[in-house]
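The following paragraphs lead a new reader through a multi-chain structure, one region after another. Please keep the sequence and the three-dimensional view at hand.

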Amino acid sequence: MSSPALVVATETEPTAEDAPAGAAALRELLRKPRFVLSGVVILVIVAMAAFPRLFTSADPTACNLRYSKIGPSAAHWFGYDIQGCDYFANVIYGARPSVLVSVSVSLVGFVVACTLGMLAGYFPGFVDGLVSRTADVLFALPGIVAMIVILQAFSARSVWTIAFVIVLLGWPAGMRLMRSTVLSVRSREYVLAARVLGATAPHILRKHIFPNSVAPLLSLTTLSVGVAVGTEAALTFLGIGLQPPTISWGLQIAIAASYRDDIHLFVFPALFLTLTVMSFMMMGDTVRDALDPKLRK
Amino acid sequence: SSGSGSDDGASGGKKSVVVASKNEIPAINPAKDNSSTSIQLAWAMWAPLTDLDQKTGKLKYVVADSVTSKDARTWTIKLKPGWTFTNGEKLTAKAFVDTWNYTAYAPHGYKNNGFFSRIKGYDNLNPASGKPKKTTMSGLKVINDLTFRVTLDKAFSPYPTTLMYYGSVALAPEVLKDPDSYDHKPIGYGPYKLKSPWKAGQPVVMVRNKKYPLKGPEADQLTYRFFSNPETAYNEFLAGNVDYTIVPDTKGDTYKKDAPGKGAVSKAAVNMTYLVPPVNSAPYKDPKVRRALSLALDRKALTKLRAGSFPATSFTAPSLPGYREHTCGACTLDIAKAKQLLKQAGGFPGTLKMYYNSDDPGQRVFAEALGNMWRQSLGIKVAYVGKPAIDLSALFSKGKVDGMYLGGWGHDYPSIEDWLTPIVGSHGDVNGARYSNPALDKLIDEGNALADPAAAIKKYQAAEDLEAEQMPMIPLYHKPDAYLHAPGVEPLDSPYAGLNPVWSTVSR
Amino acid sequence: MFRYALRRLIIMVPIGIIVTFIVYAMVFALPGDPIQALSGGKPLAPSVIAAKRAYYHLDDPLFSQYLHFMGNLLQGNLGQTFDGQDIGEQLALRWPVTLQLGLTALAIQTVFGLLFGIYAGWRRDGLVDRALLGATLAVLAVPGLVVMFFAQSVFSVQLGWFPVSGSADGWPTSYLLPATVLGVLGFAGLARITRTSLAEVAGADFVRTGRAKGLSPQRILWRHVLRNALLPVITYIGLDLAGTLGGAIITEGIYNLNGIGQFMFRSIGMKEGGVVVTLSTVLLIGYMVVNLIVDLLYGLLDPRVRHV
Amino acid sequence: MTATDTVEHTAPLLEVTDLTVEFDTQGGTLRAVDEVSWALHRGKTLVVLGESGSGKSVSTQAITGILDTPPGRVRAGSALFDGQDLIAIPEKQRRRIIGSRISLVFQDALSALNPVHTVGRQIAELYQVHRGMSRKDAMRRAADMLDRVGIPTARARVRDYPHEFSGGMRQRVMIAMALALGPEVLIADEPTTALDVTVQAQILELLEEIQQDSDMGVVLITHDLGVAAEIADDLVIMYAGRVIESGPTPLVLGDPAHPYTQGLLRSMPSSEMKGLELPAIPGTPPNMLRLPTGCPFRPRCPKAIDLCATERPALRALSSGGPRKTACHLADTLDTTETPSLAGGAS
Amino acid sequence: MSDVLLQATGLAKHYDTAPRLRPGRAKSLVRAVDGVDLELRKGESLGIVGESGCGKSTLLRLLCALERPTAGSLTFDGQDVGRLRGAALRRWRRRVQVVFQDPYASLNPRMRVRDIIGEGYDIHPDAIPKQGRRRRVEELLELVGLEPAHADRFPHQFSGGQRQRIGIARGIALGPDVLLCDEPVSALDLSVQAQVVNLLLRLQRELGLSLVFVSHDLGVVRHVSDRIAVMYLGKVAEYADASRLYERPGHPYTQALLSAEPSLDRIRNPDAPRRRRIVLAGDPPSPVNPPSGCRFHTRCPVVRDVCRQVEPELAQVDGRLTACHFAGELLGADDGVVNASGAGREG
Ligand SMILES: Nc1ncnc2c1ncn2[C@@H]1O[C@H](COP(=O)(O)OP(=O)(O)OP(=O)(O)O)[C@@H](O)[C@H]1O
Ligand SMILES: Nc1ncnc2c1ncn2[C@@H]1O[C@H](COP(=O)(O)OP(=O)(O)OP(=O)(O)O)[C@@H](O)[C@H]1O
Ligand SMILES: [Mg+2]
Ligand SMILES: [Mg+2]
């Protein structure tokens, strides 16, 4: 054995290769067609939310009730909505609230559920009791009542307040899911190994618990992208959601649901919603697979 | 189908009719609960004092033998002999007086209480605060077994017409001892009676009342089934399990295709949907603004959103005696004129707030359509305020709605008066905008005091003309009852009172 | 473990009190006047309104209203709704309906969700997996309202396979269609979570042991892999079960089932504090018991999970 | 009867020929097993020795069809058992053999056991699936099996979960599982590493007993030369995915021909060496992704010649004859007397 | 006694394998470690041997404070480890490192080897400057006989022995004062084992590392250890200098253990009869209900009545600590191995 005795290496070579660990994973992801495809769709949708004018020149608020519910034509690809407005423009403009609510709800909800779930699962006893029982309370509150009361408290209801309320009342489910996986991962031997190294709880949670227990929550989160759109629409119908003339896909779908006989009202926003959700789900799946070393090449 | 009431296996060849009805009710007692469903059940299980002749539209007597007065203030009501409750007790003048007193006594919390507010001594039973000292109204007096006298606070000539309202029926003496325990087993004197005590959550099944002294309806059995969703009832109708159902709003376009030849639209429209502007605040204060806002509405297009409705051109229901078309000059689309009027009034500063009931998706759509018209034709900025019904109605009744409010009204008795006093009378029950016009009040009072109905109508029409000038309310549309009915079952259709499934003709 | 369970049961009491108060306060804070709203189209006389308000203690301060309510509740008196219905009677009438509907739906949803999820996770990118993706998207995109009315008009009205609405035919006939629709609408979440959870375990070494033991892939999947993947799955089923207790508002409405969901919904609209609190309390207890059972199941399913 | 006397007329019980296994890795294709051949006879014990990472485990996994594919892939080769090629036959057919007629003991006992089932159930399952026994009977047999491998109070411990067992106990569970159905071939991958010598002796005796009773063939992977010497009839020595020496135990251990084998023997700690550096083979095992040209052992070989760098030595019999084979260019010329051998070497 | 680094007094760990809602299973306490006194001096290496399941791994977990002892205390440099909390505990942990028995389970499957070995540097950033970490990790890999190129692989891509070496590299990465090794070389071939053993000994020599070395390979233990503790059923049976112990074992269990060591005798002298091995009679007792008196009495070849009643204390006999009533007598006998009573079978 030619290697020198164990002396702490002091020479400080510039090692440019100390690249962040995520970079390699990202590069690998970019090689997957599914990831790229879903990424592109998400980008388009986000662009639609940010700059609707890029996608349509029609004024979504130019309406004539006499054209109400007329179906698609060459000039009006998606036809007219109930109010007799150009539906294509409306669906495009509907992207912003839908995307904002769904993405922020999913993201923030994920972070909250993940953090609390990890804490509850990793620290049994007091912390678990506190988090879990709070979740019980929130879950038992009749959601509609809580939402009405809370949202009434906001003088101006925006996408953000709505997202806030959905997250506030929605995290218990994700939390319990995360907690369940953390409970079984926390006693694995590699966690013990990290404790022996003197790792702090945050370090263990981040490096060991999180990657090995996040998958189910991740899939719930990608699903919640779609669910949030529906919740937002439901809030609107309770009179505590977005006010007209703001439109969103959820709302369009919900209104169209009552006028079931005019299919086009329902198909187009649903199509966009489906595309968005599908992209997030496919992305979630590929990310999960990428995080699983056994599936890596 | 034989209109299979779900728990009716034995009715064999008998004629049976099943009606789909909207809301479930807490009790079968028209005095206690006056929701439209309760009143419909009262149609079957009670009989009114007076009624309208369906052919002539003239007042006729049913339980009452006569209702007479010299001064339109003191009314003597004579009952026909031979009416009995289904429990065998006789229907007497005392039963009426006792029931009315019971209902008018505030602590009982009976919803129909307000119906008796014209009777002298009502205030004693309904003090502004505290417990009432009396339990009987001084204006009610039993003369003999079949006669009683009603003294009103003020002269009121349409009084006999009001007695056709089923809220004025009598409860059996047995019931009055403890009305709550009879919530599910009412005792009436109408053409039908309950087959067996009603269980909450179940359909109400009724069979013929043998003691009914007049010619009863054709069906041997009448069932009311309750549906919280009208479209469910619609599907039940299509499946042949229900003989009557209303046409849901969302099926306005398609019901003719789904159920060809089975629709019946009433010839009578006894209701109206209208806008209530906040008349006491600027810029709505100016009648010109209100007219302009009304002129800018395309009512024809709006009725597309309300299946079976038609534009309103006057301030009352079309089926009323004394109804005139086109009394509302500002109820036809005329954008140029609207713009001009608005300009004269100095434009519309700020934002128009459009209130709507957020529990009802249809209202949201409708409110948005209204807003779009104002925005696009008059260039007014519109904001929408959606509130749950419970919230909105409270705000409205407290006079706190600072924008356009969608109101609706259907009369209790066929008189123009019932379209004036409650809506635009200074202390009207549904005058949420607190509109007050002494001239209008005066005309109503004058009409009320005239014992001759024709003369009274003249006064009321004058009041209506005043309304057309001022536009304290903006009429939008009428929506007649529209029922789908099974083949072989025809509802009674009165051009004055609308459709009545209780009195169906059954030919199958 | 028993001590753990006991502690969890005991803590339900203070939490129950907190929740009832919060809910009561929230209903109190809801805008609107229930008595006013009671009138519908016909306005009520002011004296009647005052009488009703006094009867229901609506003018008392929040706290004394709450104490009054709790006092009655502890005596087993659930009170009346504002329009005079007996709350206890209503609950007795409605619970069976909701439970029959909910549990049937849950059963269908669980069977669907597990089957789809398990096979999708076991053979990722296989036929089942793709079908699941499609089904999930469809379920997310098509509103429940549409599906339910569609099912009602096709299967009940046109084909006549099921009763159109109502619960007159009892279980299962009356509940089959609504429960199936509910189950199908709800299975996606469970399926996707099962799928990922299973995928996490599918590569474990003990799978290889199973193969070395000559076990069939089915046996490896059902006996070995599944149980290891079950923690998140039963968590989700527990959440579903708890949700079931609250009733399905739209479904109950469309299929005209007099269940808790409709009652709750209407009561919220009417600011019926008594009803909402009573139902919330039942829900809370149900939820906490379900969660406790799930937590105890963790220990049974995965012996490495220990409760302290 | 010594191994040399074995006249191999009878067909081998399990014959592996030219087995080659590859893995796809980030760095490229890794050939973990390269043309490995050996044969196992009834009632005999074949011990596979070799460098850590030389493909011992992978080769056994490949022939039993439990290799994870992908990333692994059997490139070539066959494994004949009872006239069937285990690698080529369809999975269903293989399942009837693996587990009952050929059984395996895995190297990593904890991960190999299902953490959520009791050890008893995991053993009993074999009886239920392959023998159709009732659950109760199967559990009883499982307890018997645990008892045979020396688990104290086995009847009670069948209900314990793997994580409640010590390392050695888990390993014994794996052994019990492998022996449960009385297999014809037992492939055991370092089955006794976590066992103390007394228990190890017990297990080895148990194997011997079974072998005598039922003519079971045993393939044993081990690093313990002592164990190898005591029970092996034949030895296969692997290095970098290849077999570099094979033959009857006394020959291979008594007179090793390959420099790697020689180095291995020299590395064994002994009482005389106490306190001194152990004479390890210099250098590190080769990177399997970038094997050196020619002989893979060349960079560490003290005797390498130029030929070693260019030509890969084939596994061939020594000129002196006999059943032993070696993959070294110098096998014939090396003076075996100066190299350490167990014969008369250190004692 | 200032050079005593780690001192355990009366250390005990009982596991409660309480019934999991399953009736018919009485509450049972597994006495995995049941009162162990040990001391580890600075720069010393202490070997621990004993029967599988006797509590060695549990003892190590106690020594590094991964488990809270049921009884007894642990001091490090005179400091009560049980009292350490938070940052102080973490600082202490850095000085006491562990190599786990199960190499695979103790490696996070989602981390690359580079991150696994370098994790200590993330946790203790002051251990080594950031720029040097990458090199350091590669150096460590080379030290344990792996390639720097292996750093980017995941644990499941390694062979058993390679995983074990990753564990060792992690254990020495932080330069601890004490290294607790649970069978660190069991899966390594002799040559790599020699490298690793040399490495550990060099660390001990040059940096004053103290070692606790659990192994079943008596040869390796002898080579590595200065002193040896022999454990039996959760207790220390004998505690002595390595050479003394191997030459003249004082406890009947130690004698049995040493006699069972597999050897190469069969190769050295194929015709000689196999060596006598003391095979312990009877079943190993369960840690749930340890036998009364001397725990070894149920299997002891020289058991007498007193052994069944009185539990022997660890006592100084002939320069060692032995927990046997008759240690003096046994050591007095000429031959280390007592053949009395015929309880020892021939193997
Ligand atoms: N999934 C995998 N992906 C890539 N390489 C792998 C994988 N599994 C094993 N290898 C590599 O294959 C080679 C052979 O591994 P194998 O497990 O057969 O070694 P071994 O001889 O059993 O060693 P040990 O004695 O250490 O267990 C090793 O170099 C290892 O790194
Ligand atoms: N978590 C646990 N729960 C219950 N019992 C346990 C647990 N861990 C260990 N044991 C028991 O404690 C005893 C000692 O186990 P330990 O792992 O310390 O043995 P060991 O000496 O390391 O054995 P080996 O040499 O086989 O690894 C064993 O009987 C084991 O079954
Ligand atoms: Mg191996
Ligand atoms: Mg151990």
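In this predicted model, one aromatic cluster is formed by B:Phe96, B:Trp100, B:Phe115, B:Phe116, B:Phe148 and B:Tyr165. Rings of Phe, Tyr and Trp (its six-membered ring) pair if their centres lie within 6.5 Å; planes under 30 degrees apart count as stacked, over 60 as edge-to-face and the rest as tilted. Over all chains, a search of the whole structure finds 40 aromatic pairs. One of them is the edge-to-face pair of E:Tyr253 and E:Phe296, at 5.4 Å centre to centre with 70° between the planes. This pair links distant parts of the chain, 43 residues apart: E:Tyr253 belongs to helix α9 (residues 252-259) of chain E, and E:Phe296 to the loop between α10 (265-268) and α11 (305-309) of that chain. Helices (H or I, at least four residues) and strands (E, at least two) are DSSP runs, numbered from the N terminus. Both E:Tyr253 and E:Phe296 are buried, where buried means under 20% relative accessible area, exposed over 50%, and partly exposed in between (1.4 Å probe, protein chains only).

Chain E also supplies the protein donors of the magnesium ion (ligand 4), namely E:Ser57 (OG) and E:Gln101 (OE1), lying 1.8 to 2.1 Å from the ion. The two residues are 44 residues apart, with E:Ser57 in helix α1 (residues 56-63) and E:Gln101 in the loop between β6 (96-99) and α3 (113-123) of chain E. Donors are N, O and S atoms within 2.8 Å of the metal (3.2 Å for Na, K and Ca); water is not among the atoms, so sites may look incomplete. E:Ser57 and E:Gln101 are buried.

Chain C has 15 helices and zero strands. Its C-alpha trace spans about 85 × 55 × 30 Å along the principal axes, and 60% of its 308 residues count as buried.

Two remarks concern conventions. Residues are numbered from 1 along each chain as its sequence is written, while chains are lettered from A and ligands numbered from 1 in the order in which they are written. Local features need pLDDT of at least 70, side-chain atom pairs count only at pLDDT 80 or more, and totals for chains, interfaces and linings use all residues, while side-chain values use heavy atoms, with hydrogens and water left out.
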